[in-house]
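Subject: Structure handover

Hello,

Here is the structure you were waiting for. My notes follow below it.

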Amino acid sequence: MLKGKTIILGITGGIAAYKGAALCSKLVQAGANVHVIMTESAVKFITPLTLQTLSRNPVYIDTFDEIDPAVVSHIHLADHADLIVIAPATANTLAKLAGGHADDMLSTTLLAATCPVLIAPAMNVHMYEHPAVVHNLELLSSRGAMFVEPGTGQLACGYVAKGRLAEPEDIVAAIESWFSRGAKLKGKRVLVTAGGTMERLDPVRFLTNDSSGKMGFAIAEAALLMGADVTIVVGRTTAALPAGVKVIRVESAQQMLEAVTNRYDEMDIVIKAAAVADYRAVNVSEQKQKKNGEKIVLELERTTDILETLGQRKRHQFLVGFAAETEQIEHYAMDKLSRKRCDLIVANDVSKDGAGFNGDTNIVQVFGPEGLVEAMPLLSKREVAVRLLELVAGRLISPGGIAE
Ligand code: CTP
């Protein structure tokens with residue numbers, strides 16, 4: 001899939017540098033011509049010989065160590081690259097890129113490059129959330145850099161949190177999707193809802209659900225890589241927001257309804273991955289509720305079904321809904337598809353291990369008007385997102401057009 005593509009792989013100095021070797025190997029296996037640039041710190045974690053052997057090309061570390069006298073290496077590399085991938089990207093490298101520094105081979109090559117740059121950050125969670133790092137990520141994103149977000153899990157420093165380098169296969173999937181489907185959603189305006197809604201009972205209490213926002217964020221990130229202009233409307237979430245997309249924060253189902261319907265006319269594709277409350281409290285107390293008796297009854301009323309509202313008002317938009325089910329998946333999914341006038345429904349059996357809320361994986365079946373379109377096995381949410389958007393892109397017939 002990457003045959004004939006020249007990729008510069010920048011490896012910087014974090015413990016995840018060892019995963020750079022697996023990434024290099026997978027890129028070469030996929031047919032890419034890989035040139036590795038390592039920082040001095042990366043060399044402390046993994047040897048250049050490893051990367052030279054895997055890439056079958058010389059490894060660059062020192063700007064002044066000119067391997068081929070016929071060319072100026074950093075300019076030559078920059079001119080011939082189709083894509084630069086930095087994995088792992090440390091906080092220091094992000095700061096250097098954001099500041100336009102050119103004090104080593106990698107940063108100098110990046111300044112000289114005009115090709116797209118894909119960055120896979122990896123660091124301790126507090127470093128990742130530091131305002132300086134957040135600012136640098138935003139700055140790089142505003143200049144067009146693309147990102148593969150770090151995953152959540154055991155960090156080398158002992159924390160179990162966000163900051164792990166994305167798995168090499170996920171980075172390869174992002175690279176392949178950029179090369180092969182990169183243009184498929186170019187110019188499309190995509191709105192994704194993500195996370196759970198919060199329905200207030202009083203100033204300190206609310207009803208919500210287990211949604212983490214990860215599925216919606218993976219879709220937003222994949223849509224961005226495929227060239228779309230992406231907006232996310234986000235409720236309560238435990239995952240970090242993807243970089244490079246417009247973010248609208250909401251709390252309640254009613255706020256989400258307003259945020260989505262206000263932007264609906266200008267959207268080409270709307271994907272409703274959020275877990276929206278079906279009921280809200282009839283009376284929301286302005287003061288904190290005091291205990292009163294052994295039992296209380298909470299009176300709830302229906303919220304507006306956002307997806308159904310969008311289905312009723314649908315004109316040119318391609319509409320994708322989600323269905324979390326525990327039984328009769330196909331029956332309920334097809335019922336939702338026709339009742340809410342969706343073009344696709346992504347159904348998952350949330351009773352299965354590895355599917356649904358909170359995890360990094362999902363098992364979904366996608367239904368269209370004709371019935372089952374694709375049954376995906378256990379996959380990372382990123383891979384589900386890429387495959388789903390590929391289905392959507394395949395069903396768009398013209399700018400703003402919709403499925404057959
Ligand atoms: N949804 C919505 N507005 C609501 C409730 C749900 O837009 N008030 C959307 C969700 O974002 C999701 C889809 O509807 O895309 C399906 O949600 P789900 O809760 O599985 O289905 P329901 O329609 O609520 O049906 P049921 O309660 O029968 O499962």
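Strands here are DSSP runs of E with at least two residues, numbered from the N terminus. With that in hand, Pro88 is found in strand β3, residues 83–89. Please keep in mind that this is a predicted model.

**Backbone**

The bond from Ala87 to Pro88 is a cis peptide, with omega near -5°. Most peptide bonds are trans, and most residues other than glycine have a negative phi. Two residues have a positive phi without being glycine. Arg56 has phi near 60°. Its place is the loop between α3 (48–55) and α4 (73–80). Arg56 counts as exposed because its relative accessibility is 66%, and the cut-off for exposed is over 50%. Gln328 has a phi of about 40°. That residue is in the loop between β16 and α13 (329–339). Gln328 is partly exposed, at 47% relative accessible area.

**Ligand site**

Which residues are closest to the ligand? They are Lys272, Ala274, Leu307, Phe322 and Lys340, out of 16 that surround it. Ala274 places a backbone N or O atom 2.8 Å from a ligand oxygen. For Leu307, a backbone N or O atom is also 2.8 Å from an oxygen atom of the ligand. Thr304 has a backbone N or O atom 3.1 Å from a ligand nitrogen. The ligand taken alone exposes 580 Å², and the protein buries 77% of that.

Both α12 (306–312) and β16 (318–325) supply at least two residues of the shell. The largest share, four residues, comes from β16. By class, the shell has eight nonpolar, five charged and three polar residues.

Side chains of opposite charge can pair when their charged atoms come close. The whole structure has 21 salt bridges.

- Asp229 is partly exposed at 34%, and Lys246 is partly exposed at 45%.
- Arg280 lies in β14 (279–281) and Glu301 in β15 (300–302), 21 residues apart. Arg280 is partly exposed, with 21% relative accessibility. Glu301 is partly exposed too, with 32%.
- Arg395 is in helix α14 (381–395), and Glu370 is in the loop between β19 (364–368) and β20 (371–375). They are 25 residues apart. Arg395 is buried because its relative accessible area is 11%, which is under the 20% cut-off. Glu370 counts as exposed, at 53%.

**Surface and interior**

Ile15, Tyr18 and Phe45 form a nonpolar patch on the surface. Together they have about 330 Å² of accessible area. Ile15 is in the loop between β1 (6–11) and α1 (17–29). Its relative accessible area is 48%, so Ile15 is partly exposed.

Is Glu221 buried or exposed? Glu221 is buried, with a relative accessible area of 9%. Its place is helix α10, residues 214–225. Glu221 and Asn358 are 137 residues apart in sequence. In space they are 17 Å apart, C-alpha to C-alpha.

Best wishes

Methods:
Residues are numbered from 1 along each chain as its sequence is written. This is a predicted model: local features need pLDDT of at least 70, side-chain atom pairs count only at pLDDT 80 or more; totals for chains, interfaces and linings use all residues. Side-chain values use heavy atoms; hydrogens and water are left out. Patches are made of residues with over 30% relative accessible area and no salt bridge: like charges are joined within 9 Å, nonpolar side chains (Val, Leu, Ile, Met, Phe, Trp, Tyr) within 5 Å. Accessible areas come from the Shrake-Rupley method with a 1.4 Å probe; for residues, only the protein chains shown count as cover. A salt bridge is a side-chain nitrogen of Lys or Arg within 4 Å of a carboxyl oxygen of Asp or Glu. Buried means under 20% relative accessible area, exposed over 50%, partly exposed in between (1.4 Å probe, protein chains only). A residue is near a molecule or strand if one of its heavy atoms lies within 4 Å of it. A polar contact is a pair of N or O atoms within 3.5 Å; within protein, one must be able to donate a hydrogen and the other to accept it, and residues adjacent in sequence count only if both atoms are side-chain atoms. Ala, Val, Leu, Ile, Met, Phe, Trp, Tyr, Cys and Pro count as nonpolar, Asp, Glu, Lys and Arg as charged, and the others, Gly among them, as polar.
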